[in-house]
Amino acid sequence: MDFDPLLLSRIQFALTVAFHYLFPPLTIGLGVIMVFTEWQYLRTKDMQYEVMAKFWTRIFAINFALGVASGIVMEFQFGTNWATYSRFVGDVFGSALAAEGIFAFFLESGFLAVLVFGWDRVSPRVHFLSTVLVSLGSMFSAIWIVVANSWQQTPAGFRLVEHQGALRAEITDFWAVVFNPSSMIRLSHVLIGAFILGAFVVMSITAYYILRGRHMEMAKKSFAIALAVALVSSMAQLVTGHYHAVKVAKHQPAKLAAFEGHFETGEGGAPLHIIGLPDQKEKTVRYSVAIPGLLSWLVHMDSSKPVKGLDQFPEEDWPPVALSFVSYHVMVGLGLYFILLTVVGAVMYKRGTLFQTRWLLWVFVVSVIGPYISNQLGWMAAEVGRQPWIVYGLLRTTEAYSQSVPGGQVATSIGMFVLIYLLLAAVWIYVMNDKIQHGPDEADATGIVAKEGLAGIREAILKGEEGSLTATAEEEEEGSQR
C-alpha cells in the first residue's frame, strides 16, 4: 500500500499538537487563580484560601506533567518529518526556543518542586514567590512559542540566504522577529483563551461540589474567583479577537476571506456571515444568514468600503475555505456563549441566588468542554487559514516535509503515537477524576494537619473547633501509645 508522507506528516503533527494543547492553556489559566488564592491567604490568613491553593496546585501539577510529556515529541517531528522546514526556519526557531529555555524552563523547573512539595518546608512568602514564578514561567513558555508561530504567519526581521543549495531565513533584527506584526495581538488572544479555560475548569469542578453538597465553603469561594476571571477574560477576548481579525485582514487577507467565506470582493460593503456552509467549488456560502456591510465595518470602520475577497488571489493560494470558516465561526460563537453565561452567573451571584440555582450550576459543570473546543478550534483556524503556506508567502507546506522519509514509516509512527497518547489520556482522566472525587483536604482548613502537635491543638482551641481538637488529641494519644 502506498502512503502519502506529506499527508501523514500533517496528520501526525496535527494529532500531537491537538493533544498537547489540552494541557498548557489549563496550566496558564490555573496558575493565575493559584496566585490569587495564595495571595488572599497571605493577606487574610483565612485557611480556606490555603486549602484552595493546595487543591488547585495538585490539579496544576497533573496537567503540567502531561503537558511536558506530550510536548517533547513535537520538537522531534521538526527534525524527522519536516527537515526542509527545519532548515528554513532553524535560525529563527532556534532563538525562540533558546529564549523559552532560559526564561521559562528555568523558572518552572527551579520552583515547581517548591510549589508542589514546599508547603510545610518553606515560609508562606517563599512558597507564594514560587507560585508566582511558576505561573510566570508557564506564560513565558507560551510567549516564545507564540512568537515563533507568529513569525510563520507574518515573517519579519530576516533575510533569505542560500546554504548548500537551499534557502534559509537568517535573523537580521531579533526584536523585529519578536514583535512581528501579529505576535502581540496573537499572544494576548492566546493568554486570555488560557485564562478562560482555567476559570471554566475551576467553575466546573466547584459547581459539581456545590451540587453534591461537598466542600461548600472552598467551592463557593473558588467559584466566585473563577467567575470573575472568566467574566473579565471573556469580554476582553471579544476585544482581542476583533483586533486580531483586523491584523489578519491587513497581513493575511486570503486567510480572513476564508474565515468569512468572502469569495467575491464586490464594489460596496462586505456582509458578515453569522452562519452558513461555504461551497468552495461553487464559490458561495449555502444556508447563509448574513448582516450586510458588517464585515467592512469591523475591518475598516466603514460599512461601505470593500474587503478583499478570495477572487483577488490565485486559487492555488486559497486556504481550505470550509474548514477555516467552520472552525473560526464555532470559536467565535463559543466566545459569545462564554460572555452570556458568565454575565448571567455574575448577575445571579450578585443577587445571592447563583448557588441555589441548580440548573445553572449544571450548565457550568458541562460548559467546561466549551473552552477546550474553542482553544482547539482557534489553533485550527490559525493554522489551516495559513495554508498552503507553512511560512506565509515564503515556503509552501508541500515543499517543507522530509521527502527522504517513506510514508510507511510515518504511518507506523502515527500508530505508535496514537497508542501512547491514548494511554496518556487514560492516565490523565483517571488521575484527574481521582483528585476531583477526593477533593481538597478539609482538615487543612483547621490548620491542624499543617501545624502538628501542640501548635495545632493551640490553634484549634483558639478557633473553638471542638471536633477537630478531639480528633487531634486522640491522634496524639494514639501516637504516644505507639
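This tour visits aromatic rings, and charged side chains placed over such rings, in a predicted model.

**Aromatic pairs.** The structure contains 24 aromatic pairs. Begin by selecting Trp-151 and Phe-158, whose rings are arranged edge-to-face. Their centres are 5.4 Å apart, and 80° separates the two planes. Next, colour the two residues by accessibility. Trp-151 has a relative accessible area of 0% and is therefore buried. Phe-158, with a relative accessible area of 24%, is partly exposed, because the buried class ends under 20% and the exposed class begins over 50%.

Now move to Tyr-349 and Phe-355, a pair that is also edge-to-face. Here the distance is 5.9 Å centre to centre, with 80° between the planes. Which class of accessibility does Tyr-349 belong to? Its relative accessibility is 41%, so Tyr-349 counts as partly exposed. Phe-355 is buried, at a relative accessible area of 17%; this value falls under the 20% limit for burial.

**An aromatic cluster.** Select Phe-19, Phe-23, Phe-417, Tyr-421 and Trp-428 together. These residues form one aromatic cluster.

**Charges over rings.** For the last stop, select Tyr-49 together with Lys-221. Which part of Lys-221 sits over the ring of Tyr-49? It is the charged end of Lys-221, placed 4.8 Å from the centre of that ring.

Notes
Residues are numbered from 1 along each chain as its sequence is written. This is a predicted model: local features need pLDDT of at least 70, side-chain atom pairs count only at pLDDT 80 or more; totals for chains, interfaces and linings use all residues. Side-chain values use heavy atoms; hydrogens and water are left out. Rings of Phe, Tyr and Trp (its six-membered ring) pair if their centres lie within 6.5 Å; planes under 30 degrees apart count as stacked, over 60 as edge-to-face and the rest as tilted. Buried means under 20% relative accessible area, exposed over 50%, partly exposed in between (1.4 Å probe, protein chains only). A charge sits over a ring if NZ of Lys or CZ of Arg is within 6 Å of the ring centre and within 35 degrees of the ring normal.
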